Amino acid sequence: MKALNATIERRPDSVSGAESQSPGRGLFWRRFQGHRAGFVFSVVLAGLTLLLLLGEFLSPHSATGFHSDAQGLAYDYVPPMIGWVHFDGLRPFVYGLRRTYNPLTGVKGYDEDPSQKYYVRFFVRGEPFQFLGLLPTDLHLFGVEPPGQLFLFGTDRFGRDLWARTLIGGRISLGIGLLVVLISLALGVFLGGLSGYYGSWVDTLIQRTVEVAMSLPRLALLLALSAALPPQLPASSRFWGIALILAVVAWAPLARVVRGQFLALREEGFVQAARALGLSDMRIIFKHIVPNTLSYLIVSATLAVPGVILLESVLSFFGFGIQEPLVSWGLLMGDLQQNFQYQIQFHPWLVIPGFFIFVSVLAINYLGDALRDAVDPFTITQGARNQTR
Amino acid sequence: MLGYILRRLLYTVPLLLIISAIAFGVMAIQPGNFCTPLRLQDEALYQRCVESTGLDRPLPLQYARWLWGILSRLDFGYSFQNQQPVLVQLFTAGDGKSGTPLLWTLVISLGTMILTWLLAVPLGIYAAIHRGSWREYLVNFMGFVGLSIPSFFLAIALLWLLVVVFQVGRYCWQSPELGETLCLGVSGLFDGALVSAPWSWEKFFNLLWHLWPAMLVIGAANFAAVMRYMRAELLNVLGEPYIQTARAKGLSERVVIYKHALKNALNPMISMLGYWLPLMFEGTLVASMILQLPTVERVYWTAIRQGDQYVILGGLLFFSVVLILGNLLSDLLLAWVNPKIRSQ
Amino acid sequence: MKRKLCALLVLTAMLPALIAGTSISMAQSTNLPNTPLVVSTVQMPDGPGQRGGTLTMDIIDNPKTFNPITQNEASSSAVTSLMNSTLIDNTGTPLVAESFEVSADQTSVTLLLRSGMRFSDGTPVTAEDVVFTLEDVIFNPQVDSTLTDAWQVAGLFPAVEELDTQTVRITAPMPFSGLLSALASTPILPKHLLASSVQVGRFNSAWGVGTPPEKIAGLGPFRLQSFTPGQQVILERNPYYFKIDENGVQLPYLDRIIMPVVTDDNVRLLRFSNGQTDIYPPRPEDVPVLRQRSNQGVSVIVQPAGTVDSNVIAFNQDSEDPDLRVLFREVRFRQAMAYAANRAGMISANLNGLGEPRYGPGIAATFWIGDQPGFPSFEFNLKEASQLLDELGLKVGSDGWRSFPNGRRVEFTLLTVQGSTVLTNDALLFANDLAKIGIKANVRPLDLNAVIDQLVGSRPPPFEAVRITITGGSGDPNLLRAVYQSTGALHFWKFSDGAGEDVPDWQRQVDQLLEQQAQSLDLAERFSLLAEFQRLVAQNQPMIFLYNAQGLEAYRADRVGNFTGTTENTTLLNPEIVFRK
């Protein structure tokens, strides 16, 4: 569906020597900055990535904790409290939460209870976690004094903190995008390289395989495959299963790109020369060909990431993707759409993860676009043309 | 040329064979089968179901029988659920008044494609002419926005907007066809009993009203790509020496762009048409499920949920054929616009 | 008691016929039977309506067949139930039959058909059609029907004889309490349209979705006008329908019912909000949305929670894991789990508060005693749960998790169905509360078919724990036998009981109680037997019972009159009296 932007493919006939040379680093950087929107969105993306990486540290709550008051009543559907942070001079504080009830619709809600006041404190001890997945700690950037609560983005039906869930879920969504593209890239480089470099029957065989892979309807295949994940697979491993399945449908176009590149470069003077010198195939491939296609591969890969992120969200939307208790943006959106009208009318903050999907996909698209322009202004045509598989 | 087409078509046969085997393999690794839910009612009922559907036979035998049916008498099996041939279920169920799944799939996919191109190509040209200006940024941004919204979300949000915010249900008219009052509705293809009414202008306009959200949802994802591609092609051509020459000759920018550059920039665009076709079909899958469009994709999705084996296989083959044909079409168009390739 | 009940049935059978007798002259249409059935105004909440108009209600999927005998799922029965009628209804009122008589020994029933009665294609109904429906179709071993079981007593079918063209006698081989309820669930088929398909052995695929409407006929208030797959079913009035209102107006009131196929829940709600449909069975969370529209004619009916279904968390007492098997077989463990189930939390999170907690098995409302004082109820109480677990010797370790005496951590997998948020939410909430008392439950959503395989695919089944819903169907207590009797096919939580090893006393009692009530014809006796059954099950918690949802209906009160609800959210009740305002 959306992976139209997935790859840059260059037909062998359209690759000329001049184009495949990487520009100098300085030139690249200047061109990249020249793409203003791309540059801005790259900064946004970098900020977002940092936010996601530091997820647990930046949120006072865990992504899976059910929060409830002293009576054990869940803090369900608390509205975003980001607007309820007040300042006492420079000291931020929040008021306590008071439950409200709308007798017409029967919907519960919350408002501020000015009789209780809780100061926001920084660098507080809270729920333990692994900082960047390595360092066990329980230090959080901020938190409020104990009976008080601070849900920046509000909570869901169980009183789970949406801020934490968005950050942790984003890590899985973006992570899966990156992982899938890396797997496909590895597979693509291996097969495409083999195919393009050796030619003859190896090429024919791999080309046919790629063709079969590309003739399979992707979404249909995805739905079928993810239903077939073994039931013994624990939920935490499902992440890898889904990544692998997505890679199965995503590798073929990348392999085509790589083949085209190798095919063109094989005939280049410097490769011929290296051959004449009797260098080993491996050495030629990794020392001479790969570096020359690297910039191109990076661009293709970047442009493939948004498609994968969206595919994951579609899968999760249908209930086939990431499963509870893991969190991903797609899963959060799937949860929202279960009762779309109810949630959007009474708890519109649940749409925030969707906004994050949108911004990150937009940013990566712009980044890819800028990278493409920066790598080679002449290829702008070829790149765009061959966006179609 | 004819020989080339024939060769390509012949070549799709082994390709489809392999794909059918893969599709069958994917079916085989699914948990359970069509009959499995019956186990919660009665084990004997389950056994009867398995026997009558032939699902208890060894997999290679099932595959071989299915394949033989196709090769010998074009029999793609039957739907366990509806007890009718797969071809009827997937493509031809329905009548002239209400249309068939295949018809609607073609109408929606091709219609969206045409519409997308009609919009995206001029905007791409516009972006190329105004390169570097805020206008280009705006057009670009619009394209990327369409690309970045998950289509399922776009579909449901669109319906919500129509119903809750714009309250389209308030707009009613007296139907001359049915003799009763009809109001604008959402989802599906027609309002009220117009589905089975004979064709009329009223029915046609009603259809258009229901088609545009579908086309928006499917087209949004592809609009950006077409537009950016058009822009890039035109920029590329505008950089060619012969355009410089034309400009140097003192031709007006208008003539240069529309008379010389555009013609050459559009050629490669045409060759890409075939590649876009399968993408439209894929986009229709999500749109059909939410907007309740009676397409092949929806029949296929229903079959997936019910484990209706042969309908799923038939659907997979159909989508593969669309992909292959799209690629073939592209290659042919490429050859048509590019004599260099034709001669090879 | 037995005699009294029987007499009551016969009396109610006579009553409408008497009224009908007085109204023959009022029925002018020749399409009516000579003695039409009069629907009294008392049964119409909004009084008699006027004829004409269209009702639109979405159905959740394409009907799979128009065959009322072989259909076995809701989207087909939503349509076929409007197109067919039975000889009598489940309160003993004669419908297609004008009157009937049950023999004193409860073995046979003699039915007199309405004279001049016609199928929806105009063909007269005769005793032959009844004989055909029963002998050739229902009793036919080649026909796949869920109705077949209801007609069997000790594995034998009753004999059906045609006394004359209007009279049929059905004789069971022995006293058979289910005879009238079997009659009330069996629609009468037209022999002239279906005889050929029975002869060639293809009845199961007869009246498939591709059948032309004129080849389908029934005795219901509506008949098929057209079906467009993936789009809609249109039903039109049956001009030969046998009911009239007190003013002598032939029913149904409606000209047509349009049933668009809409598979997405959200879209159905949006269509109802938009005024495209007149009736919508809301989900609990739709209620606030619809209440906002109450000034636009939308009316929401909230009914008390049902008693028939059971929402449960079940533990596999045959688990291959020896520690878990011993633990799950321990009644105190299951009671602790029942204490740990936060039913109010689940109802609030899933059902928007529109549900009631349940502590015992689901059963028809007439037998249900779950709300009686003294009924064993393990209400949410983590302290009690914790104490029971301590008693079992499951000590809390330094990491906060409990472990078996042998040092292994107490940990199990709790399956739910992928895509079903309600089930998954319950499981997550349960696991969250279990974590507080040191039990680690890993929630794992699986594809539905995979879950079924895990439950009943092999013996002993591999699952450890599961959150599922056991639907009670009509609520007939005999359906419970499959689940609760140790030899039942769905005794998935402990199949080894069927093999007779390590069967606890209470299970033996349950087996006996269910057996006894099946043979009893006495309502009071059945009630006390089933009450005892419920107490036993609730005390021993073979499964942890959670809650039932309240019944919800929404309709456009400004447009629809005499709406009396739906069954299972799909089938319109009393469709013949619904009218358009």
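Colleague: Which hand does the crossing of H9(B) and H10(B) have, left or right?
Modeller: The crossing of H9(B) and H10(B) is right-handed, the term for a near helix turned clockwise from the far one by less than a right angle, anticlockwise being left-handed. This is a predicted model, in which local features need pLDDT of at least 70, side-chain atom pairs count only at pLDDT 80 or more, and totals for chains, interfaces and linings use all residues. Residues are numbered from 1 along each chain as its sequence is written, while chains are lettered from A and ligands numbered from 1 in the order in which they are written.

Colleague: At roughly what angle do the axes of H9(B) and H10(B) cross?
Modeller: The axes of helix H9 (residues 241-248) and helix H10 (residues 253-291) of chain B cross at roughly 150 degrees and come within 11 Å. Axes are lines fitted to C-alpha atoms, for helices over the stretch in contact, with angles from 0 to 180 degrees between N-to-C directions. Helices (H or I, at least four residues) and strands (E, at least two) are DSSP runs, numbered from the N terminus.

Colleague: Which residues in H9(B) and H10(B) meet?
Modeller: B:Ile243, B:Ala246 and B:Arg247 in H9(B) meet B:Val256, B:His260 and B:Ala261 in H10(B); contact requires C-beta atoms, placed from the backbone, within 7 Å. By class, this contact has 4 nonpolar, 1 polar and 1 charged residues. Ala, Val, Leu, Ile, Met, Phe, Trp, Tyr, Cys and Pro count as nonpolar, Asp, Glu, Lys and Arg as charged, and the others, Gly among them, as polar.

Colleague: Is B:Ser187 buried or exposed, and why?
Modeller: B:Ser187 has 26 other C-beta atoms within 10 Å; the cut-off for buried is 20 or more, for exposed 12 or fewer, with partly exposed in between, so B:Ser187 is buried. Its phi is near 65 degrees, a positive value in a residue other than glycine. B:Ser187 is found in the loop between strand E2 (181-183) and helix H8 (201-238) of chain B.

Colleague: What makes E1 and E4 of chain A edge strands?
Modeller: Strand E1 (86-88) and strand E4 (135-144) of chain A each pair on one side only; pairing takes at least two DSSP bridges between two strands. The open sheet has 4 strands in the order E1-E2-E3-E4, with antiparallel pairing. Strand E2 (residues 91-102) and strand E3 (residues 107-131) of chain A pair over 10 bridges, and A:Arg98 stands opposite A:Asp111 in E3(A).

Colleague: How many residues of chain A are in contact with chain B?
Modeller: 44 residues of chain A are in contact with 45 residues of chain B. The largest share of the chain A side, 8 residues, comes from H7(A). That side divides into 29 nonpolar, 10 polar and 5 charged residues.

Colleague: Where in chain C does pLDDT stay under 50?
Modeller: On pLDDT, the predictor's confidence in each residue from 0 to 100, residues 1-28 of chain C stay under 50. Chain C averages 86, and 95% of the residues score at least 70. The model scores ipTM 0.88 and pTM 0.87.

Conventions: Contact = placed C-beta atoms within 7 Å.
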